[in-house]
Amino acid sequence: MEENTEWASYSLKEAPYWRKGMTVEEYEVEREYYYKHIEDVKEGKYKPLWKQKELLS
């Protein structure tokens, strides 16, 4: 199945948790995680879920 990667506007793609090729569902999960960990963001310790998964691979 081919992913529709053209769903996101330019402003959504500026989010720190954006990655090329992500789905709407992945974006929503990342956004929720980002806001739940806003203190990590403020402290410079935030790492998007997709980057954490890459490190485990």
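Buried means under 20% relative accessible area, exposed means over 50%, and partly exposed is whatever falls in between (1.4 Å probe, protein chains only). The model is predicted, so local features need pLDDT of at least 70 and side-chain atom pairs count only at pLDDT 80 or more, while totals for chains, interfaces and linings use all residues. Residues are numbered from 1 along each chain as its sequence is written, and side-chain values use heavy atoms, with hydrogens and water left out.

Overall, the chain has four helices and zero strands, where helices (H or I, at least four residues) and strands (E, at least two) are DSSP runs numbered from the N terminus. Read along the sequence, that gives the pattern α-α-α-α. The C-alpha trace spans about 35 × 30 × 15 Å along its principal axes. Of the 57 residues, 25% count as buried. Taking contact as heavy atoms within 4.5 Å, 15% of the contacts between residues at least 6 apart in sequence join residues at least 24 apart.

Helix H2 covers residues 24–36.

Next comes the core. A nonpolar core is a set of buried Ala, Val, Leu, Ile, Met, Phe, Trp, Tyr and Cys residues joined through side-chain atoms within 4.5 Å. The largest one here has 10 residues: Ala 8, Ala 15, Tyr 17, Trp 18, Met 22, Tyr 27, Tyr 33, Tyr 34, Tyr 46 and Leu 49. H2 supplies the largest share of this core, with three residues. Leu 49, leaving aside its neighbours within four places in sequence, is in contact with Val 29, Glu 30 and Tyr 33.

Rings of Phe, Tyr and Trp (its six-membered ring) pair if their centres lie within 6.5 Å, and planes under 30 degrees apart count as stacked, over 60 as edge-to-face and the rest as tilted. A search of the whole structure finds eight such pairs. In one of them, Trp 7 and Tyr 27 have ring centres 5.5 Å apart and planes at 75°, so the pair is edge-to-face. Trp 7 sits in the segment before H1 and Tyr 27 in H2, so this pair ties together parts that are 20 residues apart in sequence. Tyr 27 is buried at 6% relative accessible area, whereas Trp 7 is partly exposed at 25%. For Tyr 33 and Tyr 46, the ring centres are 6.2 Å apart and the planes at 40°, so that pair is tilted. It links distant parts of the chain, 13 residues apart: Tyr 33 belongs to H2, and Tyr 46 to the loop between helix H3 (38–42) and helix H4 (49–56). Both Tyr 33 and Tyr 46 are buried. Trp 7, Tyr 17, Trp 18, Tyr 27, Tyr 33, Tyr 34, Tyr 35 and Tyr 46 form one aromatic cluster.

Charged side chains round out the picture. With a salt bridge taken as a side-chain nitrogen of Lys or Arg within 4 Å of a carboxyl oxygen of Asp or Glu, the whole structure holds four. Glu 26 bridges to Arg 19, with the closest N and O atoms 2.8 Å apart; Glu 26 is partly exposed at 31%, and so is Arg 19 at 22%. Glu 39 and Lys 42 meet at 3.6 Å, N to O. Being three residues apart in H3, Glu 39 and Lys 42 are separated by about one helical turn. Lys 42 is exposed, at 62% relative accessible area. Lys 45 forms a salt bridge with Glu 43, the closest N and O atoms being 3.2 Å apart, and Lys 45 is exposed at 59%.
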